[in-house]
Amino acid sequence: MKQENDRINHGPIGVFDSGYGGLTILRRIRRRLPDYSYLYLGDNARAPYGSRSFELVHHFTRQAVEYLFAQGCRLVILACNTASAKALRTIQQEYLPRYAPERRVLGVIRPTVESLPATTRNGHIGLMATPGTVASHSYRMETAKIDPEMHLTEMACPLLVPLIENGEAESEGADWFVAKYTRQLLEADPEIDTILLGCTHYPLITDAIRRHVPEKVKLLEQGPLVAESLADYLRRHPEIEERCLRGADCRYLTTEDPGKFDPMATAFTGTEVRSHRIDMENCASKVENTNIKHH
């Protein structure tokens with residue numbers, strides 16, 4: 001009976017991304033919080049999300065959240081800037097209170113922005129991100145909440161993610177586009193002293209970005225910031241923390257062929273990944289027929 005109660009009342013921490021980049025967030029979270037169990041879901045078959053509408057990103061993200069909840073997750077991290085920008089607010093304010101009031105969904109934008117006051121010297125921030133994240137202006141809005149005096153310059157970098165996902169992170173082509181985007185960003189505001197890497201793929205090209213910006217300009221990766229923020233959240237919310245399963249393990253799910261997902265995921269995580277494929281549409285239709293409140 002105790003084992004059955006544990007299964008019902010405890011679950012892994014869910015981590016969701018539209019593709020592979022969220023694996024860099026997961027890697028940092030597991031390094032910071034190694035004792036918990038994790039369930040990663042990548043909607044690789046429908047990626048990228050960056051060019052999709054707010055409505056479609058919200059629909060896809062809600063499907064993923066519902067699926068992870070149905071797998072027992074009490075807490076889900078949207079390790080995706082596009083999903084955080086286009087879907088998180090609606091899920092937190094409308095979906096959770098009605099359908100899953102005892103569960104939580106967190107994003108990656110707020111933890112990143114909260115680090116800025118302690119990082120920037122002059123309040124001039126640069127953002128490198130996907131077109132979808134830039135178009136949402138979510139970073140601009142969150143930055144204004146923390147410090148209205150900060151000056152944020154946004155730069156859409158549409159070709160970096162495709163290059164990284166095609167295994168060309170270290171290619172001359174990738175380096176050429178990194179040089180182009182960083183040059184345009186710094187020309188737009190020469191006073192920038194901190195650049196936010198507002199895409200979870202960018203840790204794979206941090207060295208290239210570093211080569212093309214002045215040494216005095218700081219680069220902020222999201223992974224360590226999100227991991228530390230999550231650790232702080234669990235400390236402050238013991239009612240959620242106590243329902244997060246401990247097991248120091250991780251399972252991987254993808255909507256893509258595992259034969260394609262696993263090698264790329266292994267490159268992103270630095271450890272061997274063996275995933276299982278799910279059909280998000282079919283899974284979502286089944287989840288919609290359950291009462292998540294009583295799981």
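Are Y20 and F261 buried or exposed? Both of these residues are buried. Welcome to this predicted model, where that pair makes a handy starting point. From there, this briefing moves to a helix packing, to the aromatic rings, and then to a few backbone details.

**Where α2 meets α14**

- Helix α2 covers residues 22–32 and helix α14 covers residues 258–269; the two pack with their axes 8 Å apart, at an angle of about 50 degrees.
- Because of that angle, α2 counts as oblique to α14.
- The crossing of α2 past α14 is right-handed.
- On the α2 side, the residues taking part are L23, T24 and R27, and they meet F261, A265, F268 and T269 in α14.
- Sorted by class, this contact of α2 with α14 has 4 nonpolar, 2 polar and 1 charged residues.

**Aromatic rings**

- If you enjoy looking for rings, the structure holds 8 aromatic pairs.
- One of the aromatic pairs is formed by Y20 and F261, which are stacked, with 5.5 Å from centre to centre and 20 degrees between the planes.
- This pair links distant parts of the chain, as its two members are 241 residues apart.
- Y20 sits in the loop between β1 (13–17) and α2, while F261 belongs to helix α14.
- Elsewhere, ring pairs join F16, Y49 and F60 into a cluster.

**A cis peptide bond**

- Look next at the step from A47 to P48: the peptide bond here is cis, and its omega is near 0 degrees.
- You will find P48 in the loop between β2 (38–42) and α3 (54–70).

- H137 is not a glycine, yet it has a positive phi of about 55 degrees.
- The place to look for H137 is the loop between α7 (131–136) and α8 (138–146).
- With a relative accessible area of 36%, H137 is partly exposed.
- A248 is likewise a residue other than glycine with a positive phi, in this case near 55 degrees.
- The loop that holds A248 runs between α13 (238–241) and β9 (250–254).
- A248 counts as partly exposed because its relative accessibility is 44%.

Terms used: Residues numbered from 1 in each chain as written. Predicted model: local features only at pLDDT ≥ 70, side-chain atom pairs only at ≥ 80, totals over all residues. Heavy atoms only, no water. Axes fitted to C-alpha atoms, helices over the stretch in contact; angles between N-to-C directions. Helix = DSSP H or I, 4+ residues; strand = E, 2+ residues; numbered from the N terminus. Parallel < 35°, antiparallel > 145°, perpendicular 65-115°, else oblique. Left-handed = near helix turned anticlockwise from the far one by under 90°. Contact = heavy atoms within 4.5 Å. Nonpolar A, V, L, I, M, F, W, Y, C, P; charged D, E, K, R; others polar. Phe/Tyr/Trp six-rings, centres within 6.5 Å; stacked < 30°, edge-to-face > 60°. Buried < 20%, exposed > 50% of the residue type's maximum accessible area, 1.4 Å probe, protein only.
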